[in-house]
Amino acid sequence: MSPKESDPSCIPSSDLPPLSLTAAKTAETTCRCGVVALVGRPNVGKSSLVNALLGMKVAVVSPKPQTTRNAVRCIYNDDDSQIIFVDTPGLHPPRNKLGRFLAEEAENALRAADVVCWLVEAGDRKLWPEDMAVLRALQDLISPTLLLVNKTDLCDPGPAFELYARHRAFAGELAISTKKRRNLKELIALLLPLLPEGDPWYAPDILMDTTERFLASEIIRGWVLSSLQDEVPHCVAVEINEYKSPEDYPERRKLYIRASLIVETPGQKAIVIGAGGRKLKQIGQGARRELEVLTGWPVYLDLWVKLSPGWRQSEPVLRRLGYR
Ligand SMILES: Nc1nc2c(ncn2[C@@H]2O[C@H](COP(=O)(O)OP(=O)(O)OP(=O)(O)O)[C@@H](O)[C@H]2O)c(=O)[nH]1
Ligand SMILES: [Mg+2]
């Protein structure tokens with residue numbers, strides 16, 4: 001994780017060394033390549049695990065549940081093997097069409113994976129309703145499933161292992177802490193033999209299978225999440241309206257990004273803008289700094305707040321925003 005959870009601007013972070021590749025190796029010498037889906041209820045640390053494994057903040061992390069909205073492929077490279085981790089939205093009973101999209105994203109990722117990692121928390125002493133949703137989604141799955149008990153820096157994971165083992169058999173179990181980087185090499189060693197033999201799908205310098213526009217929208221959303229309280233961030237979507245990089249427009253000296261923060265009510269609009277525009281400025285400044293680190297260009301970020309009543313229930317708007 002980044003040194004300050006509330007400051008998503010720290011990429012790449014020197015506190016996040018990539019895992020030692022040689023240490024992650026097993027006796028295995030065959031090339032392996034496959035997809036590993038990370039599933040679990042919201043807030044258990046799926047995105048944090050991806051960031052810890054890749055040694056970079058590639059996925060949005062926040063203390064608020066339901067942070068991740070898209071199944072994003074993040075690529076981990078070993079000397080001769082590649083693991084494509086799919087970070088998924090936390091499974092929970094959907095309350096609107098956006099929620100249904102999130103559940104489908106996670107369930108589709110499960111079905112397409114060679115191995116599934118179910119993340120839970122060391123402090124779990126009973127199954128949450130969201131865990132039941134995960135159990136149901138795992139029911140007919142034939143791919144091997146590992147149980148990863150995260151946040152072991154906070155408490156003893158023993159009771160959580162017992163709890164989950166009562167409900168399902170696992171191909172392997174591991175206690176981890178993404179915060180303390182505990183047992184990450186062991187996780188890679190556990191995963192590699194379960195993946196199919198084959199050459200890497202992606203070039204070794206590719207960290208995520210996504211576009212710069214999507215990454216830009218996620219960085220802005222990360223700042224919305226860390227700058228706003230309570231339920232408001234969940235009502236906000238980010239839409240990139242214009243993305244003009246000096247790479248494609250050599251006459252430009254700055255990367256120009258025009259983005260809209262879509263909200264549902266005038267009240268939310270007022271909260272996002274803040275007194276004297278201070279909130280919006282805070283979001284914009286933080287996101288701009290992070291975008292500059294990511295792209296290597298000076299950035300002009302033109303941020304707007306737009307009203308779209310009930311966008312989380314609207315098929316056309318959800319489709320336009322990439323939630324389809
Ligand atoms: N103490 C502790 N906190 C952790 C650990 N891993 C993650 N967290 C914290 O847990 C919170 C949720 O982390 P995320 O990675 O956003 O969780 P997620 O499962 O991706 O959540 P959704 O995207 O909402 O499904 C953040 O505040 C993290 O900093 C850990 O090993 N120990
Ligand atoms: Mg997440």
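Start at serine 81: a polar atom of its side chain lies 3.0 Å from the backbone nitrogen of arginine 32. A polar contact here is a pair of N or O atoms within 3.5 Å; within protein, one must be able to donate a hydrogen and the other to accept it, and residues adjacent in sequence count only if both atoms are side-chain atoms.

Before moving on, note that this is a predicted model: local features need pLDDT of at least 70, side-chain atom pairs count only at pLDDT 80 or more, and totals for chains, interfaces and linings use all residues. Residues are numbered from 1 along each chain as its sequence is written, chains are lettered from A and ligands numbered from 1 in the order in which they are written, and side-chain values use heavy atoms, with hydrogens and water left out.

**Stop 1: around serine 81**

Stay on serine 81. It sits in the loop between β2 (72-77) and β3 (82-87). Helices (H or I, at least four residues) and strands (E, at least two) are DSSP runs, numbered from the N terminus. Is serine 81 buried or exposed? Serine 81 is buried, because its relative accessible area is 4%. The cut-offs are under 20% for buried, over 50% for exposed, and partly exposed in between (1.4 Å probe, protein chains only).

Now select Thr30, Cys31, Arg32, Tyr76 and Leu192. These are the contacts of serine 81, leaving aside its neighbours within four places in sequence. Contact means heavy atoms within 4.5 Å. Then pick proline 63. Proline 63 and serine 81 are 18 residues apart in sequence, and 32 Å apart in space, C-alpha to C-alpha.

**Stop 2: the magnesium ion**

Select ligand 2, the magnesium ion. Its protein donors are Ser47 (OG) and Thr68 (OG1), at 1.9 to 2.2 Å. Serine 47 belongs to helix α2 (residues 46-54), while threonine 68 is in the loop between α2 and β2; the pair links distant parts of the chain, 21 residues apart. Donors are N, O and S atoms within 2.8 Å of the metal (3.2 Å for Na, K and Ca); water is not among the atoms, so sites may look incomplete. Serine 47 and threonine 68 are both buried.

**Stop 3**

Select α2. Nine of its nine residues are buried, including Lys46, Asn51 and Leu54. What do the buried residues of α2 pack against? Show β1 (33-39), β2, β3, β4 (115-121), β5 and α6 (184-191). Just after α2, glycine 55 takes a positive phi of about 70°.

Most residues other than glycine have a negative phi. Glutamine 66 has a positive one, about 60°. Find it in the loop between α2 and β2.

**Stop 4**

Select β5 (145-150). Six of its six residues are buried. Thr145, Leu147 and Val149 cover one side; Leu146, Leu148 and Asn150 are on the other. β5 pairs with β4 in the parallel sense, over six bridges. Two strands pair if DSSP finds at least two bridges between them. Asparagine 150 in β5 stands opposite glutamate 121.

Step to lysine 151, in the loop between β5 and α5 (158-165). Its phi is positive, about 65°, although it is not a glycine. Lysine 151 is partly exposed, at 23% relative accessible area.

**Stop 5: the three-stranded sheet**

Select β7, β8 and β9. They form an open sheet in the order β7-β8-β9, with mixed pairing. The edge strands are β7 (237-244) and β9 (299-307), each pairing on one side only. The twist averages 20° from one strand to the next. Axes are lines fitted to C-alpha atoms, for helices over the stretch in contact, and angles run from 0 to 180 degrees between N-to-C directions.

β7 and β8 (residues 255-263) run antiparallel, joined by seven bridges. Glutamate 239 faces serine 260 in β8.

**Stop 6: α8 against α9**

Finish with helix α8 (residues 266-273) and helix α9 (residues 278-295). Their axes come within 5 Å and cross at roughly 60°. That makes α8 oblique to α9. Angles under 35 degrees count as roughly parallel, over 145 as roughly antiparallel, 65 to 115 as roughly perpendicular and the rest as oblique. Which residues meet here? Ile271, Val272 and Ile273 in α8 meet Arg278, Lys279, Leu280 and Ile283 in α9.
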